[in-house]
Amino acid sequence: MPERKVIVESQVGLHARPAATFVQTAAKAAIDVTVAKPGGEPVSAKSILSILALDVRHGEAIVIHAEGDGAERLLDELAAIVSVP
């Protein structure tokens, strides 16, 4: 399963607008997408409540997994969302 480890550069972490944009982008994909803190339990990237429960803050790493056609492109898009300061 393709994955990306990304440092969250957003000043608000994976909360507020970055979280909403992340979930909306993942939800549009017709493939399975999960996100986790390194070594943590993966949660659905398509659920805003699951993403907010991770409580990812600025400077923390996340690991995004995707499986299916277009997974690499989707991983690039999701990584770009959290890489914006």
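User: What counts as a contact here, and which residues does Ser 10 touch?

Analyst: Contact means heavy atoms within 4.5 Å. By that cut-off, in this predicted model, Ser 10 touches Pro 18, His 58, Val 82, Val 84 and Pro 85, not counting residues up to four places away in sequence. Ser 10 lies in the loop between β1 and α1.

User: Why is Ser 10 called buried?

Analyst: Its relative accessibility is 5%. Buried means under 20%. Ser 10 therefore counts as buried.

User: What makes Leu 54 buried, and where is it?

Analyst: Leu 54 has 14% relative accessibility. The cut-off is under 20%, so Leu 54 counts as buried. Leu 54 is in helix α2 (residues 48–54). Leaving aside neighbours within four places in sequence, Leu 54 contacts Val 35, Lys 37 and Val 43.

User: How far apart are the C-alpha atoms of Leu 54 and Phe 22?

Analyst: They are separated by 13 Å. Along the chain, Leu 54 and Phe 22 are 32 residues apart.

User: How do you know that the length of α3 agrees with its number of residues?

Analyst: Helix α3 has twelve residues, 71–82. The expected span is 1.5 Å times one less than the number of residues.

User: Which residues of α3 are buried, and why are they said to line one face?

Analyst: The buried ones are Ala 71, Leu 74, Leu 75, Leu 78, Ala 79, Ile 81 and Val 82. Seen down the axis of α3, they fall within an arc of 155°, so they line one face of the helix.

User: What covers the buried residues of α3?

Analyst: The cover includes β1 (3–7), α1 (16–28), β2 (32–36) and β4 (61–67).

User: Which residues of the largest nonpolar core touch the most other members, and what elements contribute?

Analyst: The core has 25 residues. Phe 22, Val 33, Val 35, Ile 62, Ile 64 and Leu 78 touch the most other members. The elements giving two or more residues are α1, β2, α2, β4 and α3. Helix α3 gives the most, with seven residues.

User: What does Ile 64 contact?

Analyst: Beyond neighbours within four places in sequence, its contacts include Phe 22, Val 33, Val 35 and Leu 78. Pro 2, Glu 3 and Arg 4 are also among them.

User: Where does UniProt place the HPr domain, and how much of that stretch is helix or strand?

Analyst: An unreviewed UniProt entry places "domain: HPr" at residues 1–85. Over residues 1–85 the chain is 38% helix and 22% strand. The end C-alpha atoms are 28 Å apart.

Definitions and conventions:
Residues are numbered from 1 along each chain as its sequence is written. This is a predicted model: local features need pLDDT of at least 70, side-chain atom pairs count only at pLDDT 80 or more; totals for chains, interfaces and linings use all residues. Side-chain values use heavy atoms; hydrogens and water are left out. Helices (H or I, at least four residues) and strands (E, at least two) are DSSP runs, numbered from the N terminus. Buried means under 20% relative accessible area, exposed over 50%, partly exposed in between (1.4 Å probe, protein chains only). The arc is that of the directions from the helix axis to the C-beta atoms. UniProt positions are given in the numbering used here, feature names are shortened, and annotations may be inferred rather than shown by experiment. A nonpolar core is a set of buried Ala, Val, Leu, Ile, Met, Phe, Trp, Tyr and Cys residues joined through side-chain atoms within 4.5 Å.
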